[in-house]
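Keep the viewer open and turn to each spot as it comes up.

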Amino acid sequence: MRVEVLLTILVFLVTARTGYLVNEHHHATMLSHGSDPYGYYQFLPALLGTHDWGHLPWAFTMEDGKGLSLFTMGVAWMLLPFFLLATAWASLCGYPVDGYSHPYVMCQFLAAAFYLAAGCLLLFHALRDIVGRPLALLTPMLLLGATNLFFYSTYEPGMSHVYAFFLFAALLYLTLRMLEDPGPGKLFLLLACGGLLVLIRQLNVIALLLPLFLGARNPMEALRIRWGWLRAYPLAAGGGVLVAALLFLPQLIYLKYITGSVLVFTYGKKGEGFNWTEPHLWDVLFSHQNGWFVHTPLMIFVMVALVIGAFRGAPNMRPILLIWLLAWYIYSSWWSWWLGGSFGHRGFIEHYAFLSIPLAMGLKWIWDRGRLWRDLSYVPLYLLVFINIRLSTLYFWPWEGPDWNWEKLIDIWERVP
């Protein structure tokens, strides 16, 4: 069996087991705790009749008394196969078939671990021809160990990030394969994955710039190539768009039922929105409240590699930089630019799939300097993994708010050794 397959199985098993252990103290309430994961999940118990669709438990109450979920159904779609497995398990073993009993809890750990492991495997295959097998294996493992992808795959498996990470990885893999050897199956999956990715979070629409422009010398050449795909495989293209539309259809029906309109900015119903003229660009990167570089210093190295590569015209770097810049500006303009009491700035977690390319290229540059440089690089990489995992164990809600400051954050850092 190939090393990458064994490593994928290991990632799945370790992630599922870790998620089970670190959440053991609240298995009974994990799926129904009033927070974002509940917002993503609650659609599934409603399929069993546990909830009234007009009054979902984690929803904003409208003036007419109906409850509007601020969250979309994208994560629920990805959890659905595991939810059905849990329902069969509960039926056969005598557990309550309500969406919240023990089998459903276990299957959420399995779902997060599966999508994480599958995403890492896709990144390996995407990077293998770019940097070679060793670095293609190391890069996803480094993203898992040295970033908050670990935290949101184990401690918070109900959040959307690990599922979106998988779809970002699929988008990258499928785009690279379409550029190498176009085919109808790849185009179908590319369009279906893109639709599901946008359903999970509408901001993810900017990720579609990657399959649109990756691998071309200029935008016009990129558009000609993509138009060629559509002309060559019209049935696959139409099928992919149809699947994406069908995935969106229940969401649109739900919004129509609750609000009377199929196009609704749900957070706007609570008065939450963007301040486009005063973005917190510096704070998103360097604040004590979830500053990205503060909590995930590996990304300083990645962004340096990305900017240098984009400036020099290295393949694939400019579309990735453009997508990240747009995400940075949009998150910086959001009213809660720190994204609540999270572990690090979680808004960029799914983008780690795209950022795997500059990370791998940066590591390749170091390795190409010789064995001494390569061996010396292991020390800071090991420390980054150790610190990230240790801080994950030390995290307590909330690392935010007016009472959270540099002094308290430094106190936490001092407990790392």
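Helices here are DSSP runs of H or I with at least four residues, strands are runs of E with at least two, and both are numbered from the N terminus. The phi angle of Asn-316 is near 75 degrees, a positive value in a residue other than glycine. Asn-316 is also buried, at 15% relative accessible area. For these labels, buried means under 20% relative accessible area, exposed means over 50%, and partly exposed lies in between (1.4 Å probe, protein chains only).

The loop between helix 16 and helix 17 (352-367) holds Leu-339. Phi of Leu-339 is near 60 degrees, again positive in a residue other than glycine. With 10% relative accessibility, Leu-339 counts as buried. As background, most residues other than glycine have a negative phi, and most peptide bonds are trans.

## About the model

This is a predicted model, in which local features need pLDDT of at least 70 and side-chain atom pairs count only at pLDDT 80 or more, while totals for chains, interfaces and linings use all residues. Residues are numbered from 1 along each chain as its sequence is written, and side-chain values use heavy atoms, with hydrogens and water left out.

## The overall fold

The protein chain has 19 helices and two strands. Its C-alpha trace spans about 65 × 60 × 55 Å along the principal axes. How does the radius of gyration fit a compact globule? For 417 residues, such a globule would have a value near 22 Å, and the 21 Å of the protein chain agrees with that. The radius is taken over C-alpha atoms, and the globule rule is 2.2 Å times the number of residues to the power 0.38.

Buried residues account for 52% of the 417 residues in the protein chain. Among contacts between residues at least 6 apart in sequence, 72% join residues at least 24 apart; a contact means heavy atoms within 4.5 Å. The accessible surface comes to about 18800 Å², and 69% of that belongs to carbon and sulfur atoms. Accessible areas come from the Shrake-Rupley method with a 1.4 Å probe, and for residues only the protein chains shown count as cover.

## Salt bridges

How many salt bridges does the structure hold? There are 10 salt bridges, each defined as a side-chain nitrogen of Lys or Arg within 4 Å of a carboxyl oxygen of Asp or Glu. One of them pairs Arg-133 with Glu-4, whose closest N and O atoms are 2.7 Å apart. Arg-133 belongs to helix 6 (residues 133-146) and Glu-4 to helix 1 (residues 3-22), so this pair ties together parts 129 residues apart in sequence. Arg-133 is partly exposed at 31% relative accessible area, whereas Glu-4 is buried at 4%.

Lys-186 and Asp-181 also meet in a salt bridge (3.7 Å, N to O). Lys-186 is partly exposed at 24% relative accessibility, and Asp-181 is partly exposed at 48%. Another salt bridge links the side chains of Arg-374 and Asp-375 (3.5 Å, N to O). Through shared partners, salt bridges join Arg-371, Arg-374 and Asp-375 into one network.

## Cysteines without a bond

The structure holds zero disulfides, a disulfide being a pair of cysteine sulfur atoms within 2.5 Å. For Cys-107, the nearest cysteine sulfur is that of Cys-93, 11 Å away. Cys-107 is buried, with 3% relative accessible area.

Val-379, Tyr-382, Leu-383, Phe-386 and Ile-387 form a nonpolar surface patch with about 480 Å² of accessible area together. Patches are made of residues with over 30% relative accessible area and no salt bridge; like charges are joined within 9 Å, and nonpolar side chains (Val, Leu, Ile, Met, Phe, Trp, Tyr) within 5 Å. Leu-383 lies in helix 18 (residues 371-394) and is partly exposed at 43% relative accessibility.

Pro-398 is in the loop between helix 18 and helix 19 (406-413). A cis peptide bond joins Trp-397 to Pro-398, with omega about -5 degrees.
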